[in-house]
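Trainee: Hi! Could you walk me through this one? I'd like to go over a few residues with you.
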Amino acid sequence: MKTSELKRYYHRAKRWLIDGLIMQGYRRRFPDKLVIETTNICSLKCRCCPNGNNVGKRARGMMSREVFDRVVDNIDIPVKLCFLHMCGEPFLNPDLEYFCRKLLARKITPTIFSNGYGIDLDLLDKVLQLKGVRISFSIEAHSAQDYEHIRFPGKFDKAMASLSMIDSRFAGAKRVFGLNIILTGGYAGEEIERISRKLFDDYPRLSNITFSSEWPWPALPQTGNLAGHITRHNSYCTQAKGLPAILWDGKAGFCNLDYAGKMIVGDMTTTSLSEIVNNKTSRQYRKRLAMGRLVPSSFCDNCVLPRYNSFTLDITRGKLKRKDAGKSPDLFNAADEYFKADEYFREA
(Lines give C-alpha, C1' and ligand atoms only; values in the text may rest on other atoms or scores of the structure.)
Protein backbone atom coordinates (compact mmCIF):
# COMPACT_ATOMS: atom_id res chain seq x y z
CA MET A 1 0.00 0.00 0.00
CA LYS A 2 1.29 3.45 -0.92
CA THR A 3 2.32 5.91 1.77
CA SER A 4 -0.35 8.36 0.57
CA GLU A 5 -3.03 5.67 1.04
CA LEU A 6 -1.81 4.91 4.56
CA LYS A 7 -1.92 8.61 5.45
CA ARG A 8 -5.44 8.91 4.09
CA TYR A 9 -6.69 5.99 6.19
CA TYR A 10 -4.85 7.33 9.24
CA HIS A 11 -6.44 10.78 9.01
CA ARG A 12 -9.88 9.29 8.35
CA ALA A 13 -9.58 7.09 11.45
CA LYS A 14 -8.32 10.04 13.49
CA ARG A 15 -11.29 12.20 12.47
CA TRP A 16 -13.71 9.34 13.11
CA LEU A 17 -12.30 8.72 16.60
CA ILE A 18 -11.48 12.24 17.82
CA ASP A 19 -13.89 14.58 15.99
CA GLY A 20 -16.71 12.06 15.86
CA LEU A 21 -16.63 9.87 18.95
CA ILE A 22 -14.61 11.85 21.49
CA MET A 23 -15.46 15.45 20.58
CA GLN A 24 -18.98 14.56 19.35
CA GLY A 25 -18.75 17.25 16.69
CA TYR A 26 -17.65 19.96 19.13
CA ARG A 27 -14.89 22.29 17.92
CA ARG A 28 -12.74 24.75 19.83
CA ARG A 29 -10.98 26.41 16.90
CA PHE A 30 -12.48 27.92 13.78
CA PRO A 31 -11.19 29.97 10.86
CA ASP A 32 -11.29 33.74 11.29
CA LYS A 33 -13.37 34.22 8.12
CA LEU A 34 -17.14 34.79 8.07
CA VAL A 35 -19.65 35.08 5.22
CA ILE A 36 -22.46 37.62 5.59
CA GLU A 37 -24.86 37.65 2.66
CA THR A 38 -25.88 41.28 2.07
CA THR A 39 -28.35 40.15 -0.61
CA ASN A 40 -29.19 37.10 -2.71
CA ILE A 41 -30.48 39.27 -5.55
CA CYS A 42 -28.24 39.62 -8.58
CA SER A 43 -28.09 41.60 -11.81
CA LEU A 44 -26.86 38.57 -13.80
CA LYS A 45 -27.76 34.90 -14.10
CA CYS A 46 -24.30 33.37 -14.37
CA ARG A 47 -24.15 29.70 -15.31
CA CYS A 48 -21.52 29.14 -12.58
CA CYS A 49 -23.91 30.30 -9.83
CA PRO A 50 -27.10 28.98 -8.19
CA ASN A 51 -28.88 32.22 -9.12
CA GLY A 52 -28.20 31.56 -12.76
CA ASN A 53 -29.43 27.97 -12.52
CA ASN A 54 -32.78 28.94 -10.95
CA VAL A 55 -32.41 26.59 -7.99
CA GLY A 56 -33.34 27.03 -4.36
CA LYS A 57 -36.71 28.44 -3.35
CA ARG A 58 -35.42 30.75 -0.65
CA ALA A 59 -37.06 34.18 -0.65
CA ARG A 60 -35.10 37.01 -2.28
CA GLY A 61 -34.19 39.99 -0.17
CA MET A 62 -31.62 42.44 1.11
CA MET A 63 -30.12 42.65 4.57
CA SER A 64 -31.27 45.73 6.45
CA ARG A 65 -29.15 47.89 8.73
CA GLU A 66 -31.09 46.65 11.72
CA VAL A 67 -30.44 42.98 10.94
CA PHE A 68 -26.78 43.70 10.16
CA ASP A 69 -26.32 45.57 13.45
CA ARG A 70 -27.74 42.65 15.44
CA VAL A 71 -25.60 40.15 13.51
CA VAL A 72 -22.38 42.11 14.10
CA ASP A 73 -23.21 42.63 17.77
CA ASN A 74 -23.50 38.84 18.13
CA ILE A 75 -20.05 38.10 16.69
CA ASP A 76 -18.31 37.08 19.90
CA ILE A 77 -15.44 34.96 18.58
CA PRO A 78 -12.32 36.25 16.76
CA VAL A 79 -13.24 37.14 13.17
CA LYS A 80 -10.74 39.07 11.07
CA LEU A 81 -12.21 38.83 7.57
CA CYS A 82 -15.83 39.11 6.42
CA PHE A 83 -17.06 38.31 2.91
CA LEU A 84 -20.12 40.46 2.12
CA HIS A 85 -21.51 38.18 -0.56
CA MET A 86 -22.53 34.62 -1.34
CA CYS A 87 -24.39 34.38 -4.65
CA GLY A 88 -25.87 37.88 -4.94
CA GLU A 89 -24.49 41.24 -6.08
CA PRO A 90 -23.43 43.23 -2.99
CA PHE A 91 -23.52 46.62 -4.79
CA LEU A 92 -27.28 46.22 -5.18
CA ASN A 93 -27.62 46.83 -1.44
CA PRO A 94 -27.59 50.62 -0.87
CA ASP A 95 -26.35 50.08 2.71
CA LEU A 96 -23.10 48.43 1.61
CA GLU A 97 -20.96 51.38 2.70
CA TYR A 98 -22.64 51.34 6.13
CA PHE A 99 -21.91 47.62 6.49
CA CYS A 100 -18.23 48.18 5.68
CA ARG A 101 -17.91 51.02 8.20
CA LYS A 102 -19.54 48.88 10.88
CA LEU A 103 -17.11 46.01 10.29
CA LEU A 104 -14.07 48.28 10.18
CA ALA A 105 -15.10 49.71 13.54
CA ARG A 106 -14.87 46.14 14.87
CA LYS A 107 -11.44 45.72 13.21
CA ILE A 108 -12.90 43.20 10.77
CA THR A 109 -11.76 43.51 7.13
CA PRO A 110 -14.72 43.69 4.71
CA THR A 111 -14.18 41.78 1.46
CA ILE A 112 -16.46 42.34 -1.53
CA PHE A 113 -16.74 40.21 -4.67
CA SER A 114 -18.82 41.95 -7.35
CA ASN A 115 -19.70 41.20 -10.97
CA GLY A 116 -18.99 44.88 -11.72
CA TYR A 117 -21.75 44.92 -14.35
CA GLY A 118 -23.23 48.42 -14.42
CA ILE A 119 -22.85 48.81 -10.66
CA ASP A 120 -23.68 52.01 -8.77
CA LEU A 121 -20.46 53.99 -9.16
CA ASP A 122 -21.53 56.56 -6.57
CA LEU A 123 -21.87 53.76 -4.03
CA LEU A 124 -18.47 52.45 -5.12
CA ASP A 125 -16.99 55.90 -4.48
CA LYS A 126 -18.40 55.89 -0.94
CA VAL A 127 -16.92 52.48 -0.23
CA LEU A 128 -13.56 53.55 -1.65
CA GLN A 129 -13.40 56.36 0.88
CA LEU A 130 -13.05 53.71 3.60
CA LYS A 131 -9.55 52.40 4.22
CA GLY A 132 -9.20 48.65 4.60
CA VAL A 133 -11.98 47.36 2.32
CA ARG A 134 -10.92 44.70 -0.18
CA ILE A 135 -12.75 44.60 -3.52
CA SER A 136 -12.49 42.16 -6.41
CA PHE A 137 -14.55 41.91 -9.58
CA SER A 138 -15.56 38.64 -11.24
CA ILE A 139 -15.16 39.45 -14.94
CA GLU A 140 -13.73 37.23 -17.69
CA ALA A 141 -11.95 40.25 -19.15
CA HIS A 142 -9.72 38.12 -21.38
CA SER A 143 -12.38 36.74 -23.72
CA ALA A 144 -15.78 37.87 -25.03
CA GLN A 145 -16.67 34.24 -25.70
CA ASP A 146 -15.88 33.10 -22.17
CA TYR A 147 -17.55 36.11 -20.57
CA GLU A 148 -20.84 35.79 -22.41
CA HIS A 149 -20.82 32.02 -21.96
CA ILE A 150 -20.60 32.41 -18.16
CA ARG A 151 -22.14 35.82 -17.32
CA PHE A 152 -25.56 35.50 -18.94
CA PRO A 153 -27.17 37.79 -20.09
CA GLY A 154 -24.22 40.19 -19.71
CA LYS A 155 -22.57 41.69 -22.78
CA PHE A 156 -18.79 41.75 -22.99
CA ASP A 157 -18.56 45.30 -24.39
CA LYS A 158 -20.66 46.70 -21.54
CA ALA A 159 -18.62 44.75 -18.99
CA MET A 160 -15.36 46.17 -20.37
CA ALA A 161 -16.77 49.70 -20.33
CA SER A 162 -17.76 49.19 -16.69
CA LEU A 163 -14.31 47.84 -15.87
CA SER A 164 -12.64 50.89 -17.41
CA MET A 165 -14.83 53.20 -15.31
CA ILE A 166 -14.10 51.10 -12.23
CA ASP A 167 -10.37 51.39 -12.87
CA SER A 168 -10.64 55.19 -13.14
CA ARG A 169 -12.58 55.39 -9.85
CA PHE A 170 -9.92 53.33 -8.10
CA ALA A 171 -7.25 55.57 -9.60
CA GLY A 172 -9.01 58.65 -8.24
CA ALA A 173 -9.18 57.07 -4.80
CA LYS A 174 -5.57 55.83 -5.05
CA ARG A 175 -6.76 52.29 -4.37
CA VAL A 176 -6.28 48.93 -6.10
CA PHE A 177 -8.63 46.08 -6.96
CA GLY A 178 -8.51 42.43 -7.96
CA LEU A 179 -10.00 40.41 -10.81
CA ASN A 180 -11.50 36.93 -10.55
CA ILE A 181 -11.50 35.01 -13.84
CA ILE A 182 -13.07 31.61 -14.43
CA LEU A 183 -11.27 29.56 -17.07
CA THR A 184 -13.60 27.38 -19.11
CA GLY A 185 -10.78 24.96 -19.94
CA GLY A 186 -8.03 24.50 -22.48
CA TYR A 187 -5.81 27.38 -21.38
CA ALA A 188 -2.10 26.68 -21.36
CA GLY A 189 0.23 28.36 -18.90
CA GLU A 190 1.82 30.51 -21.63
CA GLU A 191 -1.59 31.82 -22.66
CA ILE A 192 -2.54 32.67 -19.06
CA GLU A 193 0.75 34.54 -18.70
CA ARG A 194 0.01 36.53 -21.85
CA ILE A 195 -3.51 37.33 -20.59
CA SER A 196 -2.14 38.43 -17.20
CA ARG A 197 0.41 40.81 -18.70
CA LYS A 198 -2.16 42.39 -21.01
CA LEU A 199 -4.68 42.95 -18.21
CA PHE A 200 -2.07 44.51 -15.92
CA ASP A 201 -1.09 46.81 -18.79
CA ASP A 202 -4.70 47.74 -19.62
CA TYR A 203 -5.81 48.44 -16.03
CA PRO A 204 -3.22 50.36 -13.98
CA ARG A 205 -5.11 49.94 -10.67
CA LEU A 206 -5.37 46.16 -11.05
CA SER A 207 -3.19 44.56 -8.38
CA ASN A 208 -3.96 40.84 -8.62
CA ILE A 209 -5.76 38.27 -10.75
CA THR A 210 -7.19 35.00 -9.48
CA PHE A 211 -7.73 32.40 -12.20
CA SER A 212 -9.90 29.43 -11.26
CA SER A 213 -11.69 26.45 -12.75
CA GLU A 214 -15.46 26.14 -12.97
CA TRP A 215 -15.98 24.53 -9.57
CA PRO A 216 -19.32 22.90 -8.71
CA TRP A 217 -21.63 24.34 -6.05
CA PRO A 218 -23.18 21.81 -3.64
CA ALA A 219 -25.90 19.80 -5.40
CA LEU A 220 -25.09 21.64 -8.65
CA PRO A 221 -22.42 19.59 -10.46
CA GLN A 222 -23.45 21.27 -13.74
CA THR A 223 -21.80 24.49 -12.51
CA GLY A 224 -18.36 22.86 -12.56
CA ASN A 225 -15.85 21.44 -15.00
CA LEU A 226 -15.79 17.82 -13.82
CA ALA A 227 -13.75 16.26 -16.62
CA GLY A 228 -10.91 14.34 -15.02
CA HIS A 229 -11.11 16.29 -11.76
CA ILE A 230 -13.23 13.98 -9.60
CA THR A 231 -11.19 11.72 -7.30
CA ARG A 232 -12.20 8.28 -6.03
CA HIS A 233 -12.09 9.27 -2.37
CA ASN A 234 -13.92 11.97 -0.46
CA SER A 235 -11.89 14.48 1.51
CA TYR A 236 -13.07 15.87 4.83
CA CYS A 237 -15.72 18.50 4.08
CA THR A 238 -14.19 21.93 4.57
CA GLN A 239 -17.55 23.37 5.58
CA ALA A 240 -17.44 21.21 8.72
CA LYS A 241 -14.36 23.18 9.80
CA GLY A 242 -15.71 26.64 9.00
CA LEU A 243 -18.06 29.21 10.43
CA PRO A 244 -21.69 29.29 9.30
CA ALA A 245 -22.92 31.62 6.57
CA ILE A 246 -25.17 34.43 7.76
CA LEU A 247 -28.02 34.88 5.27
CA TRP A 248 -29.66 38.22 4.44
CA ASP A 249 -32.43 37.70 7.02
CA GLY A 250 -29.98 36.87 9.81
CA LYS A 251 -30.43 33.09 9.71
CA ALA A 252 -27.22 31.04 10.00
CA GLY A 253 -26.56 28.23 7.51
CA PHE A 254 -24.19 25.44 8.58
CA CYS A 255 -22.51 25.41 5.15
CA ASN A 256 -21.20 28.75 3.93
CA LEU A 257 -22.27 27.70 0.43
CA ASP A 258 -25.87 27.04 1.54
CA TYR A 259 -27.54 29.10 -1.18
CA ALA A 260 -30.91 27.39 -0.57
CA GLY A 261 -31.00 27.81 3.22
CA LYS A 262 -31.53 24.07 3.78
CA MET A 263 -29.16 23.64 6.73
CA ILE A 264 -30.21 26.42 9.11
CA VAL A 265 -28.56 26.05 12.52
CA GLY A 266 -29.56 29.28 14.24
CA ASP A 267 -30.49 32.94 14.06
CA MET A 268 -27.70 35.48 14.43
CA THR A 269 -30.12 38.28 15.24
CA THR A 270 -30.94 36.66 18.58
CA THR A 271 -28.08 34.27 19.29
CA SER A 272 -24.32 34.69 19.59
CA LEU A 273 -22.03 33.14 17.00
CA SER A 274 -20.26 31.03 19.65
CA GLU A 275 -23.57 29.46 20.66
CA ILE A 276 -24.56 28.69 17.08
CA VAL A 277 -21.30 27.03 16.02
CA ASN A 278 -21.52 24.44 18.80
CA ASN A 279 -25.24 24.05 19.36
CA LYS A 280 -26.85 20.61 19.12
CA THR A 281 -27.70 20.81 15.40
CA SER A 282 -24.25 22.07 14.38
CA ARG A 283 -22.51 19.37 16.42
CA GLN A 284 -24.69 16.63 14.89
CA TYR A 285 -23.93 17.82 11.35
CA ARG A 286 -20.21 18.06 12.13
CA LYS A 287 -20.12 14.64 13.78
CA ARG A 288 -21.76 12.93 10.80
CA LEU A 289 -19.38 14.56 8.33
CA ALA A 290 -16.35 13.69 10.47
CA MET A 291 -17.46 10.06 10.49
CA GLY A 292 -17.92 9.96 6.72
CA ARG A 293 -21.70 10.15 6.68
CA LEU A 294 -23.95 12.55 4.84
CA VAL A 295 -26.32 14.89 6.59
CA PRO A 296 -29.81 13.50 5.84
CA SER A 297 -32.40 15.61 4.00
CA SER A 298 -29.87 18.19 2.91
CA PHE A 299 -28.08 19.15 -0.26
CA CYS A 300 -25.01 17.25 1.00
CA ASP A 301 -26.53 14.26 -0.81
CA ASN A 302 -25.49 15.53 -4.25
CA CYS A 303 -22.41 17.58 -3.33
CA VAL A 304 -19.25 16.57 -5.20
CA LEU A 305 -16.95 19.20 -3.66
CA PRO A 306 -15.26 16.75 -1.23
CA ARG A 307 -14.11 14.76 -4.29
CA TYR A 308 -13.39 17.67 -6.61
CA ASN A 309 -9.90 18.91 -7.45
CA SER A 310 -10.22 22.61 -8.17
CA PHE A 311 -7.72 24.88 -9.86
CA THR A 312 -6.70 28.29 -8.50
CA LEU A 313 -3.83 30.46 -9.64
CA ASP A 314 -3.13 33.81 -7.94
CA ILE A 315 -1.06 36.27 -9.97
CA THR A 316 0.15 39.66 -8.80
CA ARG A 317 2.24 42.32 -10.51
CA GLY A 318 5.06 41.43 -8.13
CA LYS A 319 4.98 37.75 -9.09
CA LEU A 320 5.31 38.63 -12.76
CA LYS A 321 8.30 40.84 -12.00
CA ARG A 322 9.92 38.03 -10.04
CA LYS A 323 9.28 35.69 -12.96
CA ASP A 324 11.00 38.18 -15.27
CA ALA A 325 13.95 38.14 -12.89
CA GLY A 326 14.06 34.34 -13.08
CA LYS A 327 12.94 33.84 -9.47
CA SER A 328 9.67 32.03 -10.24
CA PRO A 329 10.02 30.39 -13.68
CA ASP A 330 7.40 27.69 -12.99
CA LEU A 331 4.64 30.13 -12.00
CA PHE A 332 2.13 29.02 -14.66
CA ASN A 333 2.92 25.28 -14.79
CA ALA A 334 -0.06 24.36 -12.61
CA ALA A 335 -2.45 25.37 -15.41
CA ASP A 336 -0.75 23.01 -17.89
CA GLU A 337 -0.99 20.10 -15.45
CA TYR A 338 -4.62 20.76 -14.52
CA PHE A 339 -6.05 21.18 -18.00
CA LYS A 340 -4.23 18.14 -19.40
CA ALA A 341 -7.02 16.09 -17.82
CA ASP A 342 -9.59 18.02 -19.88
CA GLU A 343 -7.74 17.24 -23.10
CA TYR A 344 -7.43 13.56 -22.20
CA PHE A 345 -11.15 13.14 -21.46
CA ARG A 346 -12.20 15.09 -24.56
CA GLU A 347 -10.06 12.81 -26.72
CA ALA A 348 -11.40 9.71 -24.97
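Mentor: Happy to. Let's begin with Cys82, which counts as buried because its relative accessibility is 1%. Keep in mind that this is a predicted model.

Trainee: How many disulfides turn up in the whole structure?

Mentor: The search gives 0 disulfides. Cys255 is in none either, with the nearest cysteine sulfur, in Cys237, 6.2 Å away.

Trainee: Is Cys255 buried or exposed?

Mentor: Cys255 is buried, because its relative accessible area is 6%, and the cut-off for buried is under 20%.

Trainee: New topic: where does Tyr98 sit?

Mentor: Tyr98 belongs to helix H3, which covers residues 96–105. At 15% relative accessibility, Tyr98 counts as buried.

Trainee: What does Tyr98 touch, apart from neighbours within four places in sequence?

Mentor: Tyr98 is in contact with Arg65 and Asp69. Asp69 lies in helix H2 (residues 65–73) and is one of the buried residues there.

Trainee: Which other residues of H2 are buried?

Mentor: Val67, Phe68, Val71 and Val72 are buried in H2 as well.

Trainee: And what do the buried residues of H2 pack against?

Mentor: They pack against H3, strand E1 (33–36) and strand E7 (245–246).

Trainee: Last one: how far is Tyr98 from Leu163?

Mentor: Their C-alpha atoms are separated by 24 Å, and the two lie 65 residues apart along the chain.

Note on methods: Residues numbered from 1 in each chain as written. Predicted model: local features only at pLDDT ≥ 70, side-chain atom pairs only at ≥ 80, totals over all residues. Heavy atoms only, no water. Helix = DSSP H or I, 4+ residues; strand = E, 2+ residues; numbered from the N terminus. Buried < 20%, exposed > 50% of the residue type's maximum accessible area, 1.4 Å probe, protein only. Contact = heavy atoms within 4.5 Å. Disulfide = S-S within 2.5 Å.
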